[in-house]
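Student: I am new to this one. Please show me how to read it, feature by feature.

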Amino acid sequence: MKKILIQFAHPAFQRSLVNRRLLAAISNLENVRVNDLYELYPGFDIDVKREQALLVEHDVIVFQHPFYWYSCPALLKEWQDLVLEYGFAYGEGGDALEGKLAFSAITCGGSREAYSKGGHNHFEIAELLAPFEQTARLCGMRYLPPFAVHSSHEFSEPEEVDEHAERYRDALFGLRNETFDLDALAQQERIDDRLHREKGRGLP
Ligand SMILES: Cc1cc2nc3c(=O)[nH]c(=O)nc-3n(C[C@H](O)[C@H](O)[C@H](O)COP(=O)(O)O)c2cc1C
């Protein structure tokens, strides 16, 4: 079984509806560890050695966060700046992350249609996540298509998120148990798209 690390960043988790429900659905999965960055480092005093050791221990790194100004909350950016050091994540001798998988799991206020060339936000989610993709690539990791929940403001009860939470859980389950064809997965727009279509046809 692969080991999965959820690098979770939400600066106002007490007010979260969507991310709270997503986490609840996956946090009891064996071999899945949630690393809550804002809970650990409210003053941005990141323990770089601890974070690097966690990365080394895991095979799949998930960046889960609400989409803030078309990117991640500030602490995750600070985490990238401090933890992905030269000689650890890239550069001479920097091969600690080589061969790991990574992807983004984001929640957005905007609808899926809004994230398109003709839409309100003009760019696709995958295009806006390009810095995450290229960062992973520079560090020798394979960056997979994102998981995304849209139109977050339309949810008023936690149960309304359950379909998405189940899809998130299924995606992590498949990566953990290595039941996915990663080359086929890489062609999809979203990590859970095919899985969703095949649900009920034999997938776990
Ligand atoms: C500071 C801030 C910036 C935001 N920027 C975006 C954005 O760029 N695109 C978007 O779709 N939603 C944006 N939103 C909406 C959040 O992504 C949305 O409220 C969140 O994903 C809901 O998840 P939660 O219930 O776990 O908090 C923003 C919200 C805040 C507070």
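**Reading charge pairs, burial and confidence**

Tutor: Arg167 and Glu163 form a salt bridge, and their closest N and O atoms are 3.7 Å apart. Keep in mind that this is a predicted model.

Student: What lets two side chains pair like that?

Tutor: Side chains of opposite charge can pair when their charged atoms come close. Here the cut-off is 4 Å between nitrogen and carboxyl oxygen. The distance of 3.7 Å for Arg167 and Glu163 meets that cut-off.

Student: Where do Arg167 and Glu163 lie, and how many residues apart are they?

Tutor: First the general idea. An α-helix has 3.6 residues a turn, so residues three or four places apart point the same way. Now the case. Both residues belong to helix 7, which spans residues 162-176. Four residues separate them, about one turn of the helix.

Student: Is Arg167 buried or exposed?

Tutor: Arg167 is buried, because its relative accessible area is 17% and the cut-off is under 20%.

Student: Which residue pairs with Arg137, and in which helix do the two lie?

Tutor: Glu133 is the partner, with N to O at 2.6 Å. Both lie in helix 6, residues 130-138. They are four residues apart, about one turn of the helix. Arg137 is exposed at 51% relative accessibility, while Glu133 is partly exposed at 26%.

Student: Which residue meets Arg50 in a salt bridge?

Tutor: Glu51 does, at 2.7 Å from N to O. Compare the accessibilities. Arg50 is partly exposed, with 26% relative accessible area. Glu51 is at 0% and counts as buried.

Student: Which residues of helix 3 are buried?

Tutor: Val48, Glu51, Gln52, Leu54 and Leu55 are buried in helix 3, which runs over residues 48-57. They lie on the same side of helix 3, because they cover an arc of only 160° around the axis.

Student: Where is His58, and what does it touch?

Tutor: His58 sits in the loop between helix 3 and strand 3. It is buried, at 3% relative accessibility. Leaving out residues up to four places away in sequence, His58 touches Lys3, Ile4, Leu5, Arg33 and Lys100.

Student: Now the surface. Which residues form a nonpolar patch there?

Tutor: Tyr86, Tyr90 and Leu138 form it. Together they have about 330 Å² of accessible area. Leu138 is found in helix 6 and counts as exposed, at 54% relative accessibility.

Student: Last topic: confidence. What pLDDT does the chain average?

Tutor: The chain averages 95, and 95% of the residues score at least 70. Over residues 200-204, however, the pLDDT is below 50. Beyond near neighbours in sequence, that stretch has four contacts in the model.

Terms used
Residues are numbered from 1 along each chain as its sequence is written. This is a predicted model: local features need pLDDT of at least 70, side-chain atom pairs count only at pLDDT 80 or more; totals for chains, interfaces and linings use all residues. Side-chain values use heavy atoms; hydrogens and water are left out. A salt bridge is a side-chain nitrogen of Lys or Arg within 4 Å of a carboxyl oxygen of Asp or Glu. Buried means under 20% relative accessible area, exposed over 50%, partly exposed in between (1.4 Å probe, protein chains only). The arc is that of the directions from the helix axis to the C-beta atoms. pLDDT is the predictor's confidence in each residue, from 0 to 100. Contact means heavy atoms within 4.5 Å. Patches are made of residues with over 30% relative accessible area and no salt bridge: like charges are joined within 9 Å, nonpolar side chains (Val, Leu, Ile, Met, Phe, Trp, Tyr) within 5 Å. Accessible areas come from the Shrake-Rupley method with a 1.4 Å probe; for residues, only the protein chains shown count as cover.
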